[in-house]
Amino acid sequence: MKETTIEKKKKRLVFRSILLAVMVGLVVFALISNHNEDKNVVAKGEEPPDFQLKKFGTEETVSLSDYEGQGVMINFWATYCEPCKDEMPYMEELYDDYKEQGVEILAVNLDSTNLVVERFLSEYGLSFPILHDKDGQVMDEYDVGQLPSTLFINPEGEVEEEVVGPLTLDKLEGYLDEITPKS
Amino acid sequence: MNEIKCECGHVNPEGTVLCESCGKPVADNQHLNGNDDQKLLNMRYDGSARRSQTYNRTIIDKVWNFFSSVKVGVTLIVITLIASAVGTIFPQEMYIPPGSNAATHYENQYGLAGQIYYQLGFHNLFTSWWYMVLLAMIGISIVIASLDRFIPLYKTLKTQKPKRHDKFLKKQRIFGTTESTEVNMELLKNNLKKHRFKVKEEDGSILAEKNRFSRWGPYVNHIGLIIFLLGSLLRFVPAMYIDEFIWVREGETKVINGTDGEYYIRNDEFLLENYDENDERFQEAIQRNGQPVPKTYQTNATIFKRTDDVVVGADPELEEIKQAEARVNHPIKFDNFTLYQASYQQNEFRDMTFELHDMDDEDTTYGEFTVDLSDPDSEYELDNGYRVVLDSYFPEYELNDGEPVSKSKYPKNPAFVFNVYPPDESEPEVSFAGIGANVDGSGENDHKVNLVDFDVRDVTGLTIRKDYTLPFIALGGAIFMIGVIQGMYWNHRRIWIKPKEDGVWIAGHTNKNWVALKREIEKVTKDTGVSSPADQQELKG
């Protein structure tokens, strides 16, 4: 075989490989983007976007970034969501214990009228911070489609677990353990 | 593998069917174009060495050759067409009624066929991974098949020499021999030039050629397709393409989705005009529809830009940038975003006014109070020392196991529990009031809370678009069309003339429109002594 032929063949192989790689790359990009569009809630292992909301009924603002180095549970809820109401007492029961161990519970409320939430809070007597996402901006940012939805963020600031739908007391405790800072 | 040296001295790449230079058929490769000694030459791709079988050793070559096949390409297109057609049998998931569950909807509506449709994923066909893979494979096939044909064809047409092998000429569809010594070659050449042929000469042989660029039409067309596909691929890049939707209530200021929290919109007023039911022209259609038919609807809106740093959830500082109206097909435009009037909901309650009077006598009154449904007070002071405490508020009331609950936060069916404190009383009278409902909590109430008036507001639905991919798609479409025109409206014509001892041979080839070629040959050979050639295909047929 002539040397030029071998050279030519090599060149052709390289050209074909590069072109195929580029095209396969584009296809993979399209498939992944398409897949990402469908999914709900911020994905596991990702860093959730920061937000700033007012504590309900006050002018005091709370940001996710305030809790760097702590475990944070973000619970999206509303008074018109029955299963949300059911898990509130579980959160209340476990809150003090885990607060001491460095886990914060942020309950992001999506109601639009203050009165409804006020009445709910005075009935349930919740001690963890209730944040008011009146326009649903944080909910949109987090792509939350269904209530309740809960994110467990570990002390490294990554999403450890995402739960769409109601939690039982056992499960809640298990997830909270996962995001408790180890000291 | 070996390169093929033709008797004319030209070295052809492997897989060549007709010598690039003189056109002599390469004996061992005639099966590649399905040529037969008894028949005319198959002239596709001018017998160039496309997709050589020998580059088939590595996996890359095998993949390459797979996509290079036109058969594979056509099969992919047919499969995609069938799939797309099936995808239109039942509505796609995004078009089924909102709130219905796809898992049950298809089965309930369309029976077994619907269930199979859902199970196989046809309810989300056009975004399904396998449909996208099909499109992608078509794209890859277009690129590879084009490259594998264009490059050899280009090379062959560039290398071709005026002097052609006898066998090549004889096996052209248009071929004729003239036995005469009185052939006027100069006149022939001039005639050819007059007909805008490019004339080349070699040892007395003539090649007259025109419109070779027409052969590139299909490839230009494919480049357009590829740009078009890449443009639609760019829609997955959020910076290039945004397609969002928001509901905005009258009077409400809301962040515009898809703008990264940078822009806000206030719905100042929503207007709806229906077709006149009293107009004879429309009566029949309106009756058939069963409800009023909207003629036009429009949102008067104010657009704001956020001036402080965007922090999701935090109260923004806003600066008004524009007041505008969005009507159907007349969107609001700002900073590359376009807001289209897309939908609306009417008559959501804004506020409700109640009157307190004696249980049995509606003519008495202890005062009125108005409940703002988006921000109700917890207590209303009336005249004469009466106090009404709003104990519970259900924006969209329904009964759930005998308990009043709210289905959503939107005041679509508001209901209230009022505690009425008459002057100097510490124990309230409890009553429940809603649309068409007024329940005495204890059965012993002396007073009644009665709905006397309400205000409604409309909700506008707007689509937010940002699209930087359109220029790419337009460019792709334009190039596509240029390719089509280039290939359709011009024909690549070649005429060969070869002097022989006792006269000349003439042969002709075109990629389409043989009649015109024959007519042209007729004209250029007139008075030159060359007798007009025959159409060998017609002779045989």
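**A guided look at chains A and B**

Guide: In chain B, 37 Å separate the centres of domain 1 and domain 2, taken over C-alpha atoms, with the domain bounds coming from an automatic or database domain assignment. This is a predicted model, in which local features need pLDDT of at least 70, side-chain atom pairs count only at pLDDT 80 or more, and totals for chains, interfaces and linings use all residues. Residues are numbered from 1 along each chain as its sequence is written, while chains are lettered from A and ligands numbered from 1 in the order in which they are written.

Visitor: Which domains is chain B divided into?

Guide: Chain B is divided into domain 1 (4-156), domain 2 (168-207 + 491-540) and domain 3 (351-455). The contact between domain 1 and domain 2 of chain B takes seven residues from each of them, where two residues are in contact if their C-beta atoms, placed from the backbone, lie within 7 Å.

Visitor: How do you know what radius of gyration a compact globule of 541 residues would have, and what does chain B have?

Guide: The globule rule is 2.2 Å times the number of residues to the power 0.38, and the radius is taken over C-alpha atoms. For 541 residues a compact globule would come near 24 Å, but chain B has 40 Å. The C-alpha atoms of chain B fill a box of roughly 135 × 55 × 45 Å, taken along the principal axes.

Visitor: What makes α2(A) roughly parallel to α5(A)?

Guide: The axes of helix α2 (residues 82-100) and helix α5 (residues 169-178) of chain A come within 10 Å and cross at roughly 30 degrees. Angles under 35 degrees count as roughly parallel, over 145 as roughly antiparallel, 65 to 115 as roughly perpendicular and the rest as oblique, so α2(A) is roughly parallel to α5(A).

Visitor: Which residues make that contact, and how do they divide by class?

Guide: Y90(A), M91(A), L94(A) and Y98(A) of α2(A) meet L169(A), L172(A), E173(A) and L176(A) of α5(A). By class, that contact has seven nonpolar, no polar and one charged residues, where Ala, Val, Leu, Ile, Met, Phe, Trp, Tyr, Cys and Pro count as nonpolar, Asp, Glu, Lys and Arg as charged, and the others, Gly among them, as polar.

Visitor: What supplies the largest share of the side of chain A that touches chain B?

Guide: The contact takes 36 residues from chain A and 34 residues from chain B, and the largest share of the chain A side, 13 residues, comes from α1(A). That side divides into 15 nonpolar, ten polar and eleven charged residues.

Note on methods:
Axes fitted to C-alpha atoms, helices over the stretch in contact; angles between N-to-C directions. Helix = DSSP H or I, 4+ residues; strand = E, 2+ residues; numbered from the N terminus.
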